[in-house]
Amino acid sequence: MKLHEFQAKQLLARAGIPIPDGRMATTADEAEAAARAIGAPVAVKAQVHVGGRGKAGGIKVAKSPAEARDAAKAILGMEIKGLRVEKVYVERAAQVDRELYLGVTLDRDRRRPVVMLSTVGGMDIEEVAEANPEKIARGWPSPLLGLLPFEARSLVFAAGVSEKQRDPVADIARRLYSVYVETDASLAEINPLFVQKDGSVLAGDAKLDIDDNALFRQPELAKLKEVSKDEETEEKARALGFSYVQLDGDVGIIGNGAGLVMATLDAVRDAGGKAANFLDVGGGAKEEVVRSALEIVLANPRVRSVLINIFGGITRGDEVARGVLDVVRTHPPRVPLVIRLSGTEAEAGRRLLAGAPLGSRETMDDAAAEAVRLATQPVRA
Amino acid sequence: MSVLLDRDTRVLVQGLGREGSFHAARMRDYGTKVVGATKPGKGGTTQDGIPLFDTVAEAVDSTDANTSIVFVPAPYAMDAMLEAIDAGIDLVIAITEGVPVADMLKVTAVLETATTILVGPNGPGAITPGQAKVGIMPAENFSPGGVGFVSRSGTLTYEIADLLTRAGLGQSTCIGVGGDPVIGLPTPDAVRLLNEDPATEAIVIVGEIGGSAEERAAEYMRAEGKKPAVAFIAGRSAPPGKRMGHAGAIVSGNQGTAESKVRAFEEAGIPVANAPSEIPGLVKRALRR
């Protein structure tokens, strides 16, 4: 789950990290009032859950409250990477001398958090990481001990932070690490971390992504969850214990088990088609599960055929087949279905499906080819 | 011979709830020695004929359990794993889905100084066909033999075991390492166990997009491989930035792509199947060489 900049900054401020004075605004009037209260110049920043706001024109500097109003008018309602901007954050513009980068995330290979610090912060940190990885200093604190003072010091020396900023940056690194731990973040990032003309250090931006698996113990953060329009289906699926990801093709996919569903998506692509979604219904696949899964997949108007790929394990293939048959009889779907059963009692399941108004195939590859063929046929009247 | 589990495996169940008791019964049906379960406050009683204990340490003292299987819900899973590690259990298999990453970082940090091997979480467990099953896999799809099998998936593992079994290729031990980004026994370590197991003649490695465990496994096999291996990667068609069901299955930037994994295996001389159905044929060809 992603937090907005203003939410992340509040958490940083609570941990004692210096941030510019700022206010939230949802209208141009509010933005003007915020600018007046804070004192110009201000930065007016779109609050959306995507990166690259600056490059997309979502951040404007205003020299007066009137300019802040115009900036907010221009930014509110604009779309950045498909997301509509509904809020702006108005904050005091910093007197920037230099931009640093500071971030904490997971290093999967080492199974430790990694703290990264660089003196070349700003918009293109990903490119720096790619082209000049040596310009980013890294440290791997023990999850049992946290980021120790000597580790933070080593980082500022390794990154080549100027003498005057060493202590404040090391201090901010330790505080950011504690935010990362206390919020169960998967990413805690300050980019840029401003060094101002007077030498003081200030968080210019803040990004905080929270581990969804930890929301049960982060009730305050869980309340901040925003479901955008294209995530509504994903949320609905999650409530049913499914895992759904919208894709841009026309073959709907239903399967049990993440790996099996991924392999099904691959088989569809290998057969020359494009999957409309990823939908993992989890372990079993009884009747009501198949019914709700079909509802979710068919809610996407682009779907032209549906491929159901179920491995019968603890839930046997014949039970799955009965479930699918019941659904097809009581709620005939608007597009053709192809089902492929494997595993325990798969043959018995296929025998049951023999006379039904759906395509049954024995292998994943054949089923994928059939689903792709049906998706490219003209729509039935 | 086999790895991780055999006829002498003595299993303790942590979390004898609905799922735990269902699978404890299936494990017993398979012939696995289920010697006890923990249920704080119910020590000294039994449930479904399984003796209950208040703590893991007590259970180990009374039953000589050397393996535990964890079914407890995600908020309490870290505590359960740490309790088993603290009691000196040799092998902990965690089935639980949805454990916070921060908890797993603590558990794996403790593992660094312990002798316990942790498999999972968020996986189907492990099975040495014909000897012991400590997991939730449908046993019908597995058969004894010489193919060692490591996988990040659940049902895809059963599917491939089923294909191998139908092709007459039995399995030495199948290890479902789990679909989370931080797990106890990552793919390269599981591959190493099978590479050093005399009963394993060939290794099947089933990976997914996300992370670089497959690349590291390929590198290990290139340097130290003693037997043929075949690989399969799920998620070749997945777009970047989308988490494909498993928390660990995500391509971020150019990290964790299927291309990188396929290339690593090919460079290590390990053939990569395009579909699960190709795996038995590739294993047979690899064994003939």
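Predicted model: local features only at pLDDT ≥ 70, side-chain atom pairs only at ≥ 80, totals over all residues.

**Chain B as a whole**

Let's begin with the build of chain B, which has 9 helices and 14 strands. Its radius of gyration is 18 Å, close to the 19 Å that the globule rule gives for 289 residues, so chain B is as compact as a globular protein of that length. Now look at contacts in chain B between residues at least 6 apart in sequence: 71% of them join residues at least 24 apart.

**Chain A and its domains**

Chain A is divided into three pieces: domain 1 (1–20 + 95–226), domain 2 (21–93) and domain 3 (231–374). How far apart are the C-alpha centres of domain 1 and domain 3 of chain A? The distance between those centres is 42 Å.

The crossing of α2(A) with α3(A) is right-handed. On the α2(A) side, the contact is made by A28(A), A31(A), E32(A), A35(A) and R36(A). The α3(A) side brings P65(A), A66(A), A68(A), R69(A), A72(A) and K73(A). Sort the residues of this contact by class and you get 7 nonpolar, no polar and 4 charged.

**Where the chains meet**

The contact between the chains takes 46 residues from chain A and 46 residues from chain B. On the chain A side, β8 (112–118), β13 (243–246), α9 (258–270), β15 (277–280), β17 (337–343) and α13 (364–375) each supply at least two residues. Which element gives the largest share of the side of chain A that touches chain B? That would be α9(A), with 11 residues. By class, the side of chain A that touches chain B has 21 nonpolar, 12 polar and 13 charged residues.

Most residues other than glycine have a negative phi, and most peptide bonds are trans. Here are some spots that go the other way.

| Site | Feature | Angle |
|---|---|---|
| N191(A) and P192(A) | cis peptide bond | omega about 5 degrees |
| G120(B) and P121(B) | cis peptide bond | omega about 5 degrees |
| D184(A) | positive phi | near 55 degrees |
| D48(B) | positive phi | near 50 degrees |

Where do these sit? P192(A) is found in strand β10 (residues 185–196) of chain A, while P121(B) is in the loop between β7 (117–119) and β8 (125–128) of chain B. You'll find D184(A) in the loop between α6 (163–182) and β10 of chain A, and D48(B) in the loop between β3 (46–47) and β4 (50–53) of chain B.

Is D184(A) buried or exposed? With 21 other C-beta atoms within 10 Å, D184(A) is buried, because the cut-off for that is 20 or more. D48(B) has 12 other C-beta atoms within 10 Å, so it is exposed.

Note on methods: Residues numbered from 1 in each chain as written. Chains lettered and ligands numbered in written order. Helix = DSSP H or I, 4+ residues; strand = E, 2+ residues; numbered from the N terminus. Rg over C-alpha atoms; globule rule 2.2 N^0.38 Å. Contact = placed C-beta atoms within 7 Å. Nonpolar A, V, L, I, M, F, W, Y, C, P; charged D, E, K, R; others polar. Left-handed = near helix turned anticlockwise from the far one by under 90°. Domains from an automatic or database assignment.
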